[in-house]
Amino acid sequence: MFPVVVVHGGAGHIPKERSENSTSGVCSAARAGYTILQGGGSSMDAVVEAVTQLENNPSFNAGCGSVLNVKGEVEMDAIVMDGKTLGSGAVSAVRNIANPIQLARLVMDKTGHACLTAEGANQFARSMGVPEVPLESLITDYSRMRWKKNLAPDANPVECQMGKMGTVGAVAVDSEGNVACATSTGGMLNKMEGRVGDTPCIGCGGYADNQVGAVSTTGHGEAIMKVILARLILFHMEQGQSVEAASDLALAYMKSRVGGLGGVVTVDPQGQWAARFSSLQMAWAAAQKDILHYGLYTGEHFTQSIDDPL
C-alpha cells in the first residue's frame with residue numbers, strides 16, 4: 001500500500017488561455033498533499049491542504065475564484081469526510097470565508113452536526129476564530145465579467161458554462177490505510193441565491209469509507225445529487241469493480257439517466273486510484289511513489305518525478 005493523493009480542478013470546458021494555470025494548479029495541490037503524506041500526516045490533513053491550495057488559486061471555482069450568483073455575490077459549499085470514522089463536516093452558502101474547506105473540517109471536529117449553512121455557518125466560523133474576509137476579495141475580474149455577460153436576456157446557457165472552472169476536490173490514502181475526501185465549490189454560474197448543489201451533501205459531492213474507498217466529484221450538481229454519484233461509485237467497488245471501472249460505470253449511468261456530465265477522483269484503501277470524467281476536460285493530478293501524474297483531456301496521462309518543475 002503506497003500513500004497517494006489525487007486532486008481535481010473541476011470538470012467542464014476550460015479555455016486554452018486558462019488551461020495551463022489549471023494544470024499547474026492541480027499539480028501544486030497534489031504536491032502539497034503528498035508532502036503531508038510523506039511526513040506521516042493523515043489522509044484528512046492531506047486532502048484539506050490540497051483543497052486549501054486550490055481555494056487560494058483564482059483559476060478555480062472555489063474560494064477566491066468562485067463564480068457569482070444571480071445577485072453578483074459569492075456563496076460557497078464544501079465537505080470533508082473521514083473514512084476511518086465516517087465523520088463528516090460540511091458548509092453551504094457561506095460568504096466572507098477564504099477557505100470553506102477548513103470550516104467544513106471544523107464542523108466535523110468541533111460540532112455534533114454534519115452540515116451548517118449560510119449565516120449559521122458564518123456565526124460558527126466567528127466563534128472558532130476563523131477570520132472573515134471582505135466579499136470583494138473573493139471576486140475576480142473574470143468571475144464578474146462572466147456574471148455580467150450571463151445577465152443579458154439573450155445569454156446562451158451552453159456558452160455560459162464555457163470556461164467554467166468547476167468544483168475542486170481531493171482524495172487520499174495515508175500510510176495507515178485511512179482514506180479521506182474533500183470537495184469545495186463556488187457553485188453554479190448565476191445560480192439563484194441560496195442554491196446549494198451536490199458538494200456539501202454526503203454521498204454526492206464526496207464520500208469516504210475505509211472499507212471501500214473515497215471519492216470526490218465535480219460536474220453538474222443537480223445531476224450528481226440525483227444519482228448520489230460518490231456513493232454510487234463505491235457501491236460498484238463493493239461489487240468488485242476496480243476504481244477505474246466503478247468510476248466509469250457511475251459516470252455513464254449519470255449521463256444516460258439524467259443527461260449529466262461530470263468527473264471524479266477515486267481511491268481504494270490499497271492505494272489504487274483513478275481520475276475519470278465524461279466532460280470535455282478535467283484538470284487532475286496525483287502523487288504516489290514520488291511520481292507526479294497529471295492530465296487535462298480524456299486519455300491524457302503525463303508523469304514526471306515529484307521534484308521536477310512542471
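Colleague: Which residues in α8 meet α9?
Modeller: This is a predicted model, with local features needing pLDDT of at least 70 and side-chain atom pairs pLDDT 80 or more, while totals for chains, interfaces and linings use all residues. Residues are numbered from 1 along each chain as its sequence is written, and side-chain values use heavy atoms, without hydrogens and water. Contact means heavy atoms within 4.5 Å. On the α9 side stand Val243, Ala246, Ser247, Leu249, Ala250, Leu251, Tyr253 and Met254, and from α8 come Leu229, Leu232, Ile233, His236 and Met237.

Colleague: How many residues of the contact of α8 with α9 are nonpolar?
Modeller: Ala, Val, Leu, Ile, Met, Phe, Trp, Tyr, Cys and Pro count as nonpolar, Asp, Glu, Lys and Arg as charged, and the others, Gly among them, as polar. In this contact two residues are polar and no residue is charged, and the nonpolar ones number 11.

Colleague: How many strands form the open sheet?
Modeller: Helices (H or I, at least four residues) and strands (E, at least two) are DSSP runs, numbered from the N terminus; two strands pair if DSSP finds at least two bridges between them. The order is β4-β3-β2-β6-β5-β1-β11-β12-β13 with mixed pairing, and the number of strands is nine.

Colleague: Which strands stand at the edges?
Modeller: An edge strand here has a single partner, so one side of it is left without a neighbour in the sheet. That holds for β4 (115-117) and β13 (302-305).

Colleague: Which residue in β12 is the bridge partner of glutamine 281?
Modeller: β11 (residues 281-288) and β12 (residues 291-297) run antiparallel, joined by six bridges. The partner of glutamine 281 is tyrosine 297.
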